[in-house]
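Trainee: I have not looked at this structure before. Could we go through it by question and answer?

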Amino acid sequence: MDGIGSSRGNRAHLRRRGITAVIPEKKDQAANRKKKGSRSGRPVSHDTGLYNERNTVERLINKLKAWRGIATRYDKTPDSYLAGLHLRASMIWIKDLTRTPK
């Protein structure tokens, strides 16, 4: 998997797996691509709506991982780990339900 560390490598890896990349192109990468002219390749497509959904999922994962047992996979059995995920997700959901609007 050469080049997986780069954005180009990540996008190629995702394309090979049939996954649409939703990561926007960084400004410096766009500038370098434009500087190369016609031999630089086409601009990266970006779906803003899909990127926003990805961001929502990543923020939820971070909230789940705020609980040490989930972040470190402290529970050894799959059943107890899944129970921890359900418990933490329930705690997040209840907190969201009880949040007072500003």
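Trainee: How are α3 and α5 oriented to each other, and why?
Mentor: This is a predicted model. In it, the axes of helix α3 (residues 48–65) and helix α5 (residues 78–98) cross at roughly 110° and come within 9 Å. An angle of 65 to 115 degrees counts as roughly perpendicular. The two helices α3 and α5 are therefore roughly perpendicular to each other.

Trainee: Is the crossing of α3 and α5 left-handed or right-handed?
Mentor: The helices in question cross at roughly 110°. The crossing of α3 and α5 is right-handed.

Trainee: Is Arg88 buried or exposed, and why?
Mentor: Arg88 has its place in helix α5. Its relative accessible area is 16%, and buried means under 20%. Arg88 is therefore buried.

Trainee: Which residues does Arg88 touch, not counting residues up to four places away in sequence?
Mentor: Arg88 is one of the α5 residues that meet α3. With residues up to four places away in sequence not counted, Arg88 touches Lys63, Leu64, Ala66, Trp67 and Ile70.

Trainee: How far apart in space are Tyr81 and Ile70?
Mentor: Tyr81 lies in helix α5. Leaving aside neighbours within four places in sequence, Tyr81 is in contact with Gly69, Ile70, Arg73 and Asp75. Tyr81 and Ile70 are eleven residues apart in sequence, and their C-alpha to C-alpha distance is 7.1 Å.

Trainee: How many helices and strands are in the chain, and what share of its residues is buried?
Mentor: The elements run α-α-α-α-α from the N terminus on. That is five helices and zero strands. Of the 102 residues in the chain, the buried ones make up 13%.

Trainee: Where in the chain is confidence highest, and where lowest?
Mentor: The mean pLDDT of the chain is 81, with 88% of its residues at 70 or more. Where pLDDT is low, the predicted coordinates should not be read in detail. Confidence is highest in α5, at 91, and lowest in helix α2 (residues 27–35), at a mean of 78.

Technical notes. Residues numbered from 1 in each chain as written. Predicted model: local features only at pLDDT ≥ 70, side-chain atom pairs only at ≥ 80, totals over all residues. Heavy atoms only, no water. Axes fitted to C-alpha atoms, helices over the stretch in contact; angles between N-to-C directions. Helix = DSSP H or I, 4+ residues; strand = E, 2+ residues; numbered from the N terminus. Parallel < 35°, antiparallel > 145°, perpendicular 65-115°, else oblique. Left-handed = near helix turned anticlockwise from the far one by under 90°. Contact = heavy atoms within 4.5 Å. Buried < 20%, exposed > 50% of the residue type's maximum accessible area, 1.4 Å probe, protein only. pLDDT = per-residue confidence, 0-100.
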